[in-house]
Structure formats: C-alpha cells, structure tokens
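Below are my notes as numbered points, and I hope they are handy while you look through the model.

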Amino acid sequence: MFEALVTLEIAAREVLRVRTRWESTATVRLRYARVVLSHAVLSFPIAVIITHPSALAVYPLARVGKTPPVNESLVSGC
C-alpha cells in the first residue's frame with residue numbers, strides 16, 4: 001500500500017505491482033520495463049512514464065548533488 005506521494009524510478013525488464021493499493025498520487029518512471037498493475041486499486045491519478053529518456057540517478061547521492069547513473073547493463077539489451 002502506498003499511502004503518501006511517491007515517485008518510483010526503475011530500470012528493469014519487468015515491474016510487477018499486482019494487487020497494490022495507491023492511496024495518493026504517484027509517478028512511476030520506467031526504463032526498459034514492462035509494467036503489470038493487475039488488480040491494483042487506484043484512488044488517485046498515477047503517471048506511468050514507460051520510456052524515461054535518460055539513465056536514472058542513484059539515491060541518496062542525488063540529494064547532495066552527486067548523481068552517478070544506475071548501472072543498466074543487465075537490462076539495456078531488452
């Protein structure tokens with residue numbers, strides 16, 4: 001259950017959010033992934049961005065201005 005505003009940034013082949021409950025707005029940014037939201041309960045709008053244009057940053061380093069990209073070598077060949 002997601003009860004507060006959330007932003008997910010995921011580089012993966014597949015993202016399963018089956019039977020999740022979304023009690024707030026959310027943003028899901030995906031690279032390479034197929035997303036499955038079967039039987040999800042959406043109480044608020046959710047933005048799903050399927051092809052995020054750039055490599056994702058590693059958190060919490062991004063908070064201090066250092067944003068090395070996530071190693072996407074395992075999924076980039078999708």
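1. Let me begin with a question: which residues line the largest cavity? Please bear in mind that this is a predicted model. The lining is made up of L8, I10, V15, R17, W22, V28, V35, L37, I46 and V48. By class, nine of these residues are nonpolar, none is polar and one is charged.

2. Next, the cavity itself. A search of the whole structure turns up one cavity of 30 Å³ or more, and the space in the largest cavity comes to about 40 Å³. Such searches rest on a simple idea: rolling a probe the size of a water molecule over the atoms shows where empty space is left. Two strands, β1 (6-11) and β7 (46-49), each contribute at least two residues to the lining of the largest cavity.

3. On the overall fold, the protein has seven strands and zero helices. Along the sequence the pattern therefore reads β-β-β-β-β-β-β, with strands being DSSP runs of at least two residues. Of the 78 residues in the protein, 27% are buried.

4. Now the sheet. Three strands make up an open sheet, in the order β1-β4-β7, and their pairing is parallel. At the edges are β1 and β7, each of which pairs on one side only. From one strand to the next, the twist averages 10 degrees.

5. β1 and β4 (residues 26-31) run parallel and are joined by six bridges. Within this pair, L8 stands opposite V28 of β4, and E9 has R29 as its bridge partner in β4. On to the other pair: β4 and β7 are also parallel, with four bridges between them. Here V28 stands opposite V48 in β7. L8, V28 and V48 are also among the residues that line the largest cavity.

6. In β4, by contrast, the strand is mostly covered, with five of its six residues buried.

7. R31 deserves a look of its own. This arginine sits in strand β4. Is R31 buried or exposed? R31 counts as buried because its relative accessible area is 13%, and the cut-off for buried is under 20%. The side chain of R31 is joined to that of Y32 by a polar contact of 3.1 Å.

8. Y32 itself lies in the loop between β4 and β5. Its relative accessible area is 30%, so Y32 is classed as partly exposed. The backbone is also worth checking: Y32 is not a glycine, yet has a positive phi of about 75 degrees.

9. A second residue with a positive phi is R19, where the value is near 60 degrees, again in a residue other than glycine. R19 is placed in the loop between β2 (14-16) and β3 (21-22). With a relative accessibility of 69%, R19 counts as exposed.

10. L37 belongs to the loop between β5 (34-36) and β6 (41-42), and is one of the residues lining the largest cavity.

11. Finally, L5, which is found in the segment before β1. At 62% relative accessibility, this leucine counts as exposed. L5 and S24 are 19 residues apart in sequence, with 5.4 Å between their C-alpha atoms.

Methods: Residues numbered from 1 in each chain as written. Predicted model: local features only at pLDDT ≥ 70, side-chain atom pairs only at ≥ 80, totals over all residues. Heavy atoms only, no water. 1 Å grid on protein atoms, 1.4 Å probe; cavity = no way out; pocket = protein on both sides within 12 Å on 5 of 7 lines; lining within 4 Å. Points joined across faces, edges and corners; volume = space filled by probe spheres on them. Nonpolar A, V, L, I, M, F, W, Y, C, P; charged D, E, K, R; others polar. Pairing = 2+ DSSP bridges. Axes fitted to C-alpha atoms, helices over the stretch in contact; angles between N-to-C directions. Buried < 20%, exposed > 50% of the residue type's maximum accessible area, 1.4 Å probe, protein only. Polar contact = N/O pair within 3.5 Å; in protein donor to acceptor, adjacent residues only side chain to side chain.
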